[in-house]
Amino acid sequence: MTSDHTATLPRKRMGAGVVLSDASGRVLLVEPTYKPYWEIPGGAVEADESPYAAAAREVEEELGLTLRPGRLLVTDWVPPRPDRTEGLMLLFDGGTLTPDQAGRIRLPAGELRSWAWCTEAEADDRLSGLLARRMRAAVRARAEHTTSYLENGFPTA
C-alpha cells in the first residue's frame with residue numbers, strides 16, 4: 001500500500017482574475033453587492049480546476065462573456081489575515097473588449113451591482129489598496145510584456 005505524500009502538504013487558497021480593457025486603456029471593474037469595495041473580475045479556483053480555467057469560468061459567470069484569457073500577468077502571494085488564509089492570486093490578460101462585447105455584459109443579480117471602465121486613478125479609488133496595487137502591476141506587466149511576482153501586492157525585487 002502506498003500513500004501520497006503530497007496529500008499531507010499545506011494547501012493554499014487560490015484566486016484567478018482577468019484584466020479587461022477598453023480601447024482607451026481603462027480597466028473593467030465590478031461592484032459586488034456583498035463588500036464595500038470594487039473587484040477585478042474573477043474569483044476562487046475550484047478543486048481540480050486550473051487557475052486559467054477558473055479565470056475563463058469567472059468571466060463567463062460574472063460578465064456573461066465567453067473568452068479565452070491571454071497570458072499570465074501577475075502572481076501575488078497574499079499572507080494570512082484574521083478572516084482569511086494565505087493565498088495565491090493570479091491575473092491573466094483579458095485583452096481589449098470591443099464596444100459590441102461590452103454591450104453584451106450581463107451581471108448576475110444578487111452578486112454584482114454594476115461594472116465600470118476605470119482609469120488608474122478611478123481604480124485606485126474603488127479597489128482596496130491590495131487590489132489597486134495588483135491591478136497597477138498587471139497593467140504595467142501587460143505594457144512591458146513581462147510577468148510580475150508580488151507579495152501582498154508589492155514587488156519583491
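Is Trp-117 buried or exposed? Trp-117 is buried, with a relative accessible area of 16%; buried here means under 20% relative accessible area, exposed means over 50%, and partly exposed lies in between (1.4 Å probe, protein chains only).

This tour concerns a predicted model, in which local features need pLDDT of at least 70 and side-chain atom pairs count only at pLDDT 80 or more, while totals for chains, interfaces and linings use all residues. Residues are numbered from 1 along each chain as its sequence is written, and side-chain values use heavy atoms, with hydrogens and water left out.

**Aromatic rings**

A pair of aromatic rings is described by the distance of the centres and the angle of the planes. Rings of Phe, Tyr and Trp (its six-membered ring) pair if their centres lie within 6.5 Å; planes under 30 degrees apart count as stacked, over 60 as edge-to-face and the rest as tilted. The count by this rule is two aromatic pairs.

Select Tyr-52 and Phe-92 to begin. Their rings are edge-to-face, 5.6 Å centre to centre with 85° between the planes. Tyr-52 belongs to helix α1 (residues 51-63) and Phe-92 to strand β5 (residues 87-96), so this pair ties together parts that are 40 residues apart in sequence. Helices (H or I, at least four residues) and strands (E, at least two) are DSSP runs, numbered from the N terminus. Tyr-52 is partly exposed at 29% relative accessibility, whereas Phe-92 is buried at 7%.

Next, select Trp-115 together with Trp-117. This pair is edge-to-face, with 5.6 Å centre to centre and 90° between the planes. Trp-115 is partly exposed, at 27% relative accessibility.

Then display Trp-38 with Arg-126. Arg-126 lies over the face of Trp-38, 4.4 Å from the ring centre; a charge sits over a ring if NZ of Lys or CZ of Arg is within 6 Å of the ring centre and within 35 degrees of the ring normal.

**The strands**

Select β1 (13-21). Seven of the nine residues of β1 are buried, so this strand is largely enclosed by the rest of the structure. Two strands pair if DSSP finds at least two bridges between them. β1 pairs with β5 in the parallel sense over nine bridges, and Gly-17 has Leu-91 of β5 as its bridge partner. β1 is also joined to β3 by three bridges, and these two strands run antiparallel. Here Ala-16 stands opposite Gly-43 in β3.

Move to β4 (72-78). This strand is mostly covered, with five of its seven residues buried. β4 and β5 run antiparallel and are joined by six bridges; Leu-72 has Phe-92 in β5 as its bridge partner. β4 also pairs with β7 in the parallel sense, over four bridges, where Trp-77 has Glu-151 of β7 as its bridge partner.

Remain in β5 and select Asp-93, which is found in this strand. Asp-93 is buried, with a relative accessible area of 15%. Which side chain makes a polar contact with the side chain of Asp-93? The partner is Arg-142, at 3.0 Å. A polar contact is a pair of N or O atoms within 3.5 Å; within protein, one must be able to donate a hydrogen and the other to accept it, and residues adjacent in sequence count only if both atoms are side-chain atoms. Not counting residues up to four places away in sequence, Asp-93 touches Val-18, Val-19, Pro-69, Gly-70, Arg-71, Leu-73 and Arg-142; contact means heavy atoms within 4.5 Å.

**Helix α4**

Select residues 129-144, which form helix α4. The end C-alpha atoms of α4 are 22 Å apart, which agrees with the 22 Å that its 16 residues should span; the expected span of a helix is 1.5 Å times one less than its number of residues. The buried residues of α4 include Leu-130, Leu-131, Arg-134 and Met-135. Among the elements covering the buried residues of α4 are β1, β2 (27-32), β4, β5, α3 (120-126) and β7 (148-151).

Arg-140 is also in α4 and is partly exposed, at 41% relative accessibility. The C-alpha atoms of Arg-140 and Leu-73 are separated by 8.8 Å, although the two residues are 67 residues apart along the chain.

**Positive phi angles**

His-145 follows α4 and has a positive phi near 55°. Asp-48 lies in the loop between β3 (42-44) and α1, with a phi near 60°, and is exposed at 86% relative accessibility. Asn-152 lies in the loop between β7 and β8 (154-155); its phi is near 60°, and Asn-152 is partly exposed, with a relative accessible area of 29%.
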